[in-house]
Amino acid sequence: MHDLKPVPLLIIGGGASGLFAGCLAGERGLGTLILERKHKPGRKLLMCGNGRCNLTKDIPPARMLRDMGEPMTSFLAPALNACPPAAVQSWFQRHNVPLKKMEDRRVFPRSEQASDVVHALTDALRDTGTSLCLNAPVEQVVRAEHGFLVATPHFSVPARRVLLATGGVSYPKTGSVGDGQKFAKALGHSLKPYRPGLIGFVFTHPWVDAHAGTTFEEATCRIFRNGQKLYEGQGQLDCETWGIGGAAAYNASRCAARLNLRDFELEVAAGRDTLRIPNPQTRPLKEAIVTIGGVPLNEVDPATMQSRKCPGLYFAGEVMDIDGPTGGYNLSAATAALAVASIASQKPKP
Ligand SMILES: Cc1cc2nc3c(=O)[nH]c(=O)nc-3n(C[C@H](O)[C@H](O)[C@H](O)COP(=O)(O)OP(=O)(O)OC[C@H]3O[C@@H](n4cnc5c(N)ncnc54)[C@H](O)[C@@H]3O)c2cc1C
């Protein structure tokens with residue numbers, strides 16, 4: 001019997017972060033295998049920006065960090081400085097994805113096809129000889145002599161390092177069901193409770209009945225608690241039969257969730273009307289654009305994305321308690337690039 005040679009880097013999850021990490025690892029010559037549970041990679045990526053994929057926002061890292069707010073501002077500073085939005089743009093341009101910038105600096109593929117982004121990533125995996133195994137749902141990650149043993153229903157793979165890139169828990173049909181958070185827990189991490197990040201508000205109001213189906217290009221949402229304004233933001237507002245969605249509503253819901261607000265008022269100013277809604281509900285977590293909660297940021301080293309609980313275990317993307325506003329912030333969070341750079345900078349174990 002030959003001893004199995006451990007893969008130097010095993011990435012769990014072939015979504016936005018896992019695919020990008022795999023490409024960068026391949027460019028650095030790190031022997032890498034990505035295991036993806038679904039039969040196609042990047043399924044949530046294909047949904048991004050209504051299929052147009054708002055890849056990033058063309059602003060300096062300092063501005064992006066400020067817009068994201070704490071705890072992301074402190075935690076993501078090394079990641080965003082190492083891989084700023086300008087670097088993300090030039091990577092995709094180098095990989096045959098011409099980009100276009102909107103007036104508000106959001107960046108999309110010029111084709112407005114999210115599939116072009118996924119193809120660029122899978123082409124780069126091919127060109128760097130990085131392995132991507134589909135229909136491979138990881139069921140267990142355990143510590144082993146050489147690092148880890150990663151088990152799927154049909155095979156197990158020994159790995160020196162493991163990067164968890166399994167995403168949040170919204171849109172579970174895309175494959176992100178919270179597995180990475182369970183693996184992290186089994187390896188010594190705690191977990192922050194899940195909440196929907198960017199999500200619509202549900203309420204009944206005659207104004208909603210009168211305007212269902214209308215989109216307001218520029219509306220304002222404000223959040224008040226005990227008469228004090230805690231948040232104000234502008235953006236598109238979609239009036240639905242159940243309440244309001246669109247960027248203005250999503251960003252306001254993120255503020256309410258991050259502040260853990262229980263008792264607050266939502267003020268909506270759209271067209272000539274202004275309405276105040278006490279304690280609106282939100283749509284369910286499974287419909288959220290981003291998941292708040294997951295692996296706590298104080299259990300991950302922000303300089304390397306390595307676990308503080310389990311050496312050799314790394315994180316990228318939404319599996320961690322990271323979320324940003326709408327507008328390309330979530331895909332730009334850049335944790336994948338920093339994780340790969342720090343893995344590559346370590347001397348290979350004999
Ligand atoms: C409708 C919608 C629109 C969005 N639009 C934008 C946008 O325009 N711009 C933006 O910046 N952000 C957008 N986002 C957010 C963005 O898509 C996510 O933040 C991003 O995809 C997170 O990347 P990730 O790699 O962490 O997770 P994911 O992209 O969810 O990838 C996780 C992957 O891990 C796999 N996986 C999970 N468990 C296992 C397992 N046990 N074994 C193997 N594989 C596993 C999953 O199948 C999945 O492929 C949008 C989100 C949604 C839902």
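Mentor: A nonpolar core here means a set of buried Ala, Val, Leu, Ile, Met, Phe, Trp, Tyr and Cys residues joined through C-beta atoms within 7 Å. A residue is buried if 20 or more other C-beta atoms lie within 10 Å of its own. The model is predicted. Its largest nonpolar core has 75 residues, and Ala-21 and Ala-339 are those with the most contacts inside that core. Leaving aside residues up to four places away in sequence, Ala-21 touches Ile-11, Leu-163, Ala-165, Ala-316, Ala-336, Ala-339 and Val-340. In soluble globular proteins, nonpolar side chains tend to be buried together.

Next, the ligand. It is surrounded by 39 residues, and the closest are Gly-13, Gly-15, Gly-167, Gly-175 and Gly-317. By class, this shell consists of 16 nonpolar, 16 polar and 7 charged residues. Helix H1 (16-27) and helix H2 (43-47) each supply at least two of the shell residues, and H2 gives the most, with 4 residues.

Last, the sheet. Three strands form an open sheet in the order S3-S5-S4, and their pairing is antiparallel. Strand S3 (56-57) and strand S4 (99-101) are the edge strands, each pairing on one side only. S3 and strand S5 (residues 106-109) run antiparallel and are joined by 2 bridges. Lys-57 stands opposite Arg-106 in S5.

Notes: Residues are numbered from 1 along each chain as its sequence is written. This is a predicted model: local features need pLDDT of at least 70, side-chain atom pairs count only at pLDDT 80 or more; totals for chains, interfaces and linings use all residues. Two strands pair if DSSP finds at least two bridges between them. A residue is near a molecule or strand if its C-beta atom, placed from the backbone, lies within 6 Å of it. Ala, Val, Leu, Ile, Met, Phe, Trp, Tyr, Cys and Pro count as nonpolar, Asp, Glu, Lys and Arg as charged, and the others, Gly among them, as polar. A residue is buried if 20 or more other C-beta atoms lie within 10 Å of its own, exposed if 12 or fewer, and partly exposed in between; C-beta atoms are placed from the backbone. Two residues are in contact if their C-beta atoms, placed from the backbone, lie within 7 Å.
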